[in-house]
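I opened the model to look up a few local features. The entries follow in the order in which I made them.

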Amino acid sequence: MSTNKLHELTGKTHRTIKARLETIEPVIEGRSHLYESKTVLPLLYDADKTAGDYDLEQERARLAKEQADGKALDNARKRKEQLDVPTMVELVAGEYAFVRANLIAIPGKYSRRLALMDSPTEVQELLMEVVTEALKELTADEPGSIKSRCD
């Protein structure tokens, strides 16, 4: 049986077939590499595994852990301890909008004062003060302020 035929029968990729059959020597007929189906099919389907290869208690414990983890995640979402991606995107977009609005407002608020200043040092000091104040507003969130916006 050729690798193409094995691919058609099993649905396994050519890469998988090659990897699992690397220890088997094919019979070469012209350009074809042929394999004995009784030898290769068990390798492709892992037929060597029997029910005894799986520990039922271990599988039950794994399933119970997955279920408990899923329930814990659901509970965390209900308590707003865990947020889903769309909610986080909305919150971050709101923060970006806040930053943008504050930064865009700076020229309008301070242009007259800046125009009246004679010294570049005065201009620099005022701009530093304004930018520092804008950055303080960004970091002024109290613990839980995001949580209040999620409710």
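Is Lys80 buried, partly exposed or exposed? I found Lys80 partly exposed, with a relative accessible area of 35%. For the classes I used these cut-offs: buried is under 20% relative accessible area, exposed is over 50%, and partly exposed is in between, with a 1.4 Å probe and protein chains only. I placed Lys80 in the loop between α4 and α5. Its phi is positive, about 65°, although Lys80 is not a glycine.

Before going on I noted the terms of the record: this is a predicted model, in which local features need pLDDT of at least 70 and side-chain atom pairs count only at pLDDT 80 or more, while totals for chains, interfaces and linings use all residues. Residues are numbered from 1 along each chain as its sequence is written, and side-chain values use heavy atoms, with hydrogens and water left out.

Overall layout

I counted seven helices and two strands in the protein. Helices (H or I, at least four residues) and strands (E, at least two) are DSSP runs, numbered from the N terminus. Read from the N terminus, the order of elements is α-α-β-β-α-α-α-α-α. Of the 151 residues, 10% count as buried.

I looked up Thr10 in helix α1, which covers residues 3–10. Thr10 is buried, at a relative accessible area of 14%. I listed two contacts of the Thr10 side chain. One is to the backbone oxygen of Leu6, at 2.6 Å. Another is to the backbone nitrogen of Lys12, at 3.1 Å.

I then moved to Thr16, in helix α2 (residues 14–20). Thr16 is partly exposed, at 25% relative accessibility. Its side chain makes a polar contact with the side chain of Thr13, at 2.9 Å. A polar contact here is a pair of N or O atoms within 3.5 Å; within protein, one must be able to donate a hydrogen and the other to accept it, and residues adjacent in sequence count only if both atoms are side-chain atoms.

Salt bridges

How many salt bridges does the structure hold? I found four. The criterion is a side-chain nitrogen of Lys or Arg within 4 Å of a carboxyl oxygen of Asp or Glu. Side chains of opposite charge can pair when their charged atoms come close.

I wrote down Glu57 with Arg60, whose closest N and O atoms are 3.4 Å apart. Glu57 and Arg60 are about one helical turn apart, because they are three residues from each other in helix α4 (residues 56–78). Glu57 is exposed, at 52% relative accessibility.

I also noted the salt bridge of Arg62 with Glu59, at 3.4 Å from N to O. Arg62 and Glu59 are three residues apart in helix α4, so about one helical turn separates them. Arg62 is partly exposed at 47%, and Glu59 is partly exposed at 33%.

The pair Glu81 and Arg79 forms a salt bridge at 3.1 Å, N to O. Glu81 is exposed, at 55% relative accessibility, while Arg79 is partly exposed, at 45%.

Surface patches

Which residues form the negative surface patch? I listed Asp118, Glu122, Glu125, Glu129, Glu133 and Glu137. Patches are made of residues with over 30% relative accessible area and no salt bridge; like charges are joined within 9 Å, and nonpolar side chains (Val, Leu, Ile, Met, Phe, Trp, Tyr) within 5 Å. Lys and Arg count as positive and Asp and Glu as negative, with His and the chain ends not counted. The place of a charge is NZ of Lys, CZ of Arg, CG of Asp or CD of Glu. I located Glu129 in helix α6 (residues 120–138), and Glu129 is exposed, at 54%.

I noted a nonpolar surface patch of about 300 Å², made by Met88, Val92 and Tyr96. The areas come from the Shrake-Rupley method with a 1.4 Å probe, and for residues only the protein chains shown count as cover. Met88 sits in helix α5 (residues 85–116) and is partly exposed, at 37%.

Last entry

I looked up Leu114, also in helix α5. Leu114 is partly exposed, at 21%. The C-alpha atoms of Leu114 and Gln124 are separated by 9.5 Å, the two residues being 10 apart along the chain.
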